[in-house]
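Here is a short note on the model. Please read it alongside the coordinates.

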Amino acid sequence: MWAYYRIPSRTISENNAEEIEGYKRKLVQMLWELKSYYEIDLQLLPEDMRLNERFKQLEKDFSSETGKIGKRYDERAMYVLGQELGEVTRYGFTVGVKLHNTAYLKQDTLKDSFKTALDSVTMQALSYLGVSVADTKKAFEPYEASEKEVFDGLSVLKGECLTDKQLYRNTTEPFRHGIAGSELPANLQTTNTTIDPVAHTGFLRLTNEYGESCIALMPITNTEVNMTYAEMFRIAQKMPFPVEFKVKVLQMKPSSAVRKTQFTARRFKETDKDMYANEDSDSIILQGKPLLNDLRNDIENKKTPFYKWLGVFVVSGKDKTECQNRCNVLKSYMANYHVELTRPLADQVNLFYTLLNGNSIQFERYWLQYTKDSGIAELLFGLTSNLGSNIGFYLGRVTHGTAPDTSTAIQSSRDIVLYHPMIANEGIVGAMTDSPHVLVSGETGKGKSFLAKLLMFYMTFLDVQILMTDPKNENHAWFEEAVKDPEIQKDYPYFIDLMKTFHYVTLDPNDKNNYGVLDPLTFLNGAQAKDTAVALIEQVYNLKGKDDVKREILEDLDMLIEKKQKGEKVGLMDLIDMLKDSNVKNIAEAGGLVGQLVKNSILQLAFSDGTSRGLNIDYKHTILSIQGLDLPEAGTKFEEMNDSDRKALAVMIPLAKFCQYFGQRDRKQKTSIIFDEAWTLTATRGGKRLVKELRRAGRSYNNQLIMITQSVKDAQSEDDRGNFGACFAFDERSEREDILKFMDLPVTKENKELLADMKKGQCLFRDFYGRVDALSVDCVFPEWIRAFKTVDKSNSAKAEREFV
Ligand SMILES: Nc1ncnc2c1ncn2[C@@H]1O[C@H](COP(=O)(O)OP(=O)(O)O)[C@@H](O)[C@H]1O
Ligand SMILES: [Mg+2]
């Protein structure tokens, strides 16, 4: 009698060696907990992700306005992923343990103290399998206590009992392998599948009413002596096609384990003599002997469990050719890790049956491996590369290793990443944070804005009001161009409809209508208005050592704000007039100077007589840009800036305040502020505080900030770590160490290289569960890619590629 459990997969980035070591210790601990059980079955199975169902859930959040368009995009995403991946799968882990029959123990006392998990669920599953349920309940009884013990032993890995559906799926899976469409028909019986070993020698042909496939079983024939980094459960997941990996483990009695080491030692001794005779130096032997001694010591004195095990990969294909090609790919890939595989010609059927649930390897003679507990742990059972959220939009794939370019990285990864940008604050079980805010950081040209726009376009399907700032004014023209493309109009008319929901506001400081739209005295009240006005002025006019001027400004602002409360129309131009009118020479001069700075400049957007109509932000999607904003190079120090730089940044201050005002107008309305080039805020004096205030709206106002900036440092302020629920960090060569620290990855040479190797569109992603891994951002809609462009390839850039 065996019991099978599901192990919820854990995500640890392969770039986090420390955490992986900790996880291996957990696996060892589990093996010790189960030490009195002799047979264990470890399984990695690709499972249909059921994208369809996931998207259905997502669509429940769609807005009535754009939801229909969103559904079209979901369909297209599913279609493209289906084309690219064949089956869209996610890996799942199952562990089986052979139970003890405890009938000889006193049943009554045990039953009271152990609550059983083997109940009607299993009965149901049995009936699916066509087993008669009558009396089976009784048959389980002697195993109940043992089952409970195993269940407890698996708690280190948070093992869960399989539901009847899961158990059914798991048991019948070998008979459906690679046959599309036979995921889970309730009536499929194992007996409906015929297994034909002769159609192609060395392969098995599976046929059932849903179709046929060709599978091959490839046992491990050899591994590195000490198994270090033979992380086979992990490596299997990196294959560009779904593979199954099963390890049947049999714990050896200590006496036979010791015999095994003695036998091997003797063999080593003999080879040893040979070696000297031949002057050969076989590293395995040199390595092996001390290991063997250690091992014997472990088994005899530390009572370390010792195992023999059979590890088998199952590869499938629609036909023999595909299956064979995949076998070859897997074999050579595993060889990189010093793991040898073989595809035995005559033994496919035997292996097939050995691997089925509940079968033992007791009488197996071939392909057995021998290791102790830590060797089994090295296989890294239970780790996957899941990232993002379970329900969400398609954002890209987990990046494994390095690829020459992003699209190759995408094509070679099966780990798709879904992400829902608006649920972090809804109290997700297991989430590390409930902060709705998103950070996108990295150097210019890496794809930050691309990602932000991808998120934004997806969010247009949701019931959320979006305000996107576009300080570089790089979106409107490109969006329009995509809309005007006749081919796009023909192929994706609903895209055109979507784009019609966008409202563009371009602030042109030379247009009188725009004077003062960002005047803090018009849209802010009280202290907010005052602080913002002062910050704005300080950005262009240094008040240090001019306390008299500063005092006058503060007093005048108070008066103006009071006037506003009484219903008068006031603006920052009034402040300048008041200063100019002062009897004190210093103050009058300051007023004159600020007035001059404002005249014919970008600052006209923020200085008005108070009659500005303000901005209409009642549209669902607004893109706000500023005409002729001449931003300094990112990273320019305040002291190095010229007047024009400072003016440009000064305007960002009321702009940020305006965004905050937008987010806080209505608590009930979900809002998202997408602030691109947010370093322009932190580069101003007191800019970090601005960002903090922007974030503060957050949860209580149903407001989200997506902040796009140069440096991860921009996200942090003196007193907090930034509190971003999700972070996307693209590379920035000057601060790799900070990025790694910020993303909770160890600062190692390898990880710095990982950042250095990241191409356009690749970043590190920390999701709201706190999982971190490398992501390749993938937009599967050509018309969106078209709209997301920011640069035209120059002629030489194009030519550069042509003349390789
Ligand atoms: N994941 C991606 N897939 C395809 N093209 C991308 C991707 N990321 C960026 N690009 C392209 O690279 C260019 C620069 O990206 P952008 O997002 O503007 O960079 P950043 O905002 O980091 O300076 C753009 O033309 C964009 O279309
Ligand atoms: Mg950008």
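1. Conventions. This is a predicted model: local features need pLDDT of at least 70, side-chain atom pairs count only at pLDDT 80 or more, and totals for chains, interfaces and linings use all residues. Residues are numbered from 1 along each chain as written, chains are lettered from A and ligands numbered from 1 in the order written, and side-chain values use heavy atoms, without hydrogens or water.

2. Ligand shell. Ligand 1 is surrounded by 15 residues (a heavy atom within 4 Å). The closest are Gly-445, Lys-448, Ser-449, Phe-450 and Lys-760. By class, the shell has four nonpolar, six polar and five charged residues; Gly counts as polar, and Asp, Glu, Lys and Arg as charged. Helix α16 (residues 448-459) contributes the most, with three residues (helices are DSSP runs, H or I, of at least four residues).

3. Ligand oxygens. A backbone N or O atom of Gly-447 lies 3.0 Å from a ligand 1 oxygen. For a backbone N or O atom of Lys-446, the distance is 3.2 Å. The side chain of Ser-449 places an N or O atom 2.8 Å from an oxygen of ligand 1. The protein covers 85% of the 560 Å² of accessible area that ligand 1 has on its own (Shrake-Rupley, 1.4 Å probe).

4. Helix pair. Helices α23 (residues 572-580) and α24 (residues 585-598) pack at about 145°, axes 7 Å apart (lines fitted to C-alpha atoms over the stretch in contact; angles run from 0 to 180 degrees between N-to-C directions). Met-573, Ile-576, Leu-579 and Lys-580 are the α23 side of the contact (heavy atoms within 4.5 Å). The α24 side includes Ile-587, Gly-591 and Val-598. Seven nonpolar, three polar and one charged residues make up this contact.

Note on methods. Helix = DSSP H or I, 4+ residues; strand = E, 2+ residues; numbered from the N terminus. Polar contact = N/O pair within 3.5 Å; in protein donor to acceptor, adjacent residues only side chain to side chain.
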